[in-house]
Amino acid sequence: MTKIEFNTMVLRQAGSLRSYALHFTHDADDANDLVQDTMLKAITYYNKFKEGTNLKGWLYTIMKNTFINNYRRFVKMSTFVTKSDEISSPNLVFSSTKNQGESKFVMDDIKRALDKLPEDYFVPFTMYFDGHKYHEIADHLEIPIGTVKTRIHVARKLLKKNLKAYDNGVKKPVYAEED
């Protein structure tokens, strides 16, 4: 069967698909969307259809699975989005303490701290942060591996000093005296 013949057969099923979609959605617009999604998937994956089998049953299965997946996606999204006018206390605390604005300020501060690093420290540190190994950095910069390690260490110290405002006050174990 050619793709055109298959598409024609699928289009002939639109009426019965619409009736079946109304069974799921109970809304004409949502039913039309579901029919459209079903027909699109059927035409896209026509090579999965085995000629001689029940086309209507295959289309109904696609529709049922599409509806279930969309419903699950909707339920999952609804758990993250509060739709009521009143925001519950736990949601209010979360939204007021963790938001994109705070993250942007933190990232801006980190970028400023990185920009303050002298280039001798910035390049090895960012290369290491990007996943390069010490020997790769040393080869690229044509400096000894010990110098690379020292510069990365100094860069960390400078960043820690410049980002001290983000130290949450938790005491960390001291394994060796630090300068």
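Predicted model: local features only at pLDDT ≥ 70, side-chain atom pairs only at ≥ 80, totals over all residues.
The protein has nine helices and zero strands, so its elements, read from the N terminus, run α-α-α-α-α-α-α-α-α. Of its 179 residues, 20% are buried. The accessible surface comes to about 13900 Å², and carbon and sulfur atoms hold 56% of that area. Among contacts with a separation of 6 or more, 58% are between residues 24 or more positions apart.

The whole structure contains 10 aromatic pairs. In one of them, Phe6 and Tyr46, the ring centres are 5.8 Å apart and the planes meet at 40°, so the pair is tilted. Because Phe6 lies in helix H1 (residues 3–12) and Tyr46 in the loop between H3 and H4, this pair ties together parts that are 40 residues apart in sequence. Phe6 counts as buried, at 1% relative accessibility, whereas Tyr46 is partly exposed at 28%.

Tyr20 and Tyr60 form another pair, with ring centres 4.2 Å apart; their planes are at 15°, so the pair is stacked. Tyr20 belongs to helix H2 and Tyr60 to helix H4, 40 residues apart. Both are partly exposed, Tyr20 with a relative accessible area of 24% and Tyr60 with 21%.

Helices H2 (14–25), H3 (28–44) and H4 (55–80) each supply at least two lining residues.

Conventions. Residues numbered from 1 in each chain as written. Heavy atoms only, no water. Helix = DSSP H or I, 4+ residues; strand = E, 2+ residues; numbered from the N terminus. Buried < 20%, exposed > 50% of the residue type's maximum accessible area, 1.4 Å probe, protein only. Contact = heavy atoms within 4.5 Å. Areas by Shrake-Rupley, 256 points an atom, 1.4 Å probe, with all protein chains shown as cover. Phe/Tyr/Trp six-rings, centres within 6.5 Å; stacked < 30°, edge-to-face > 60°.
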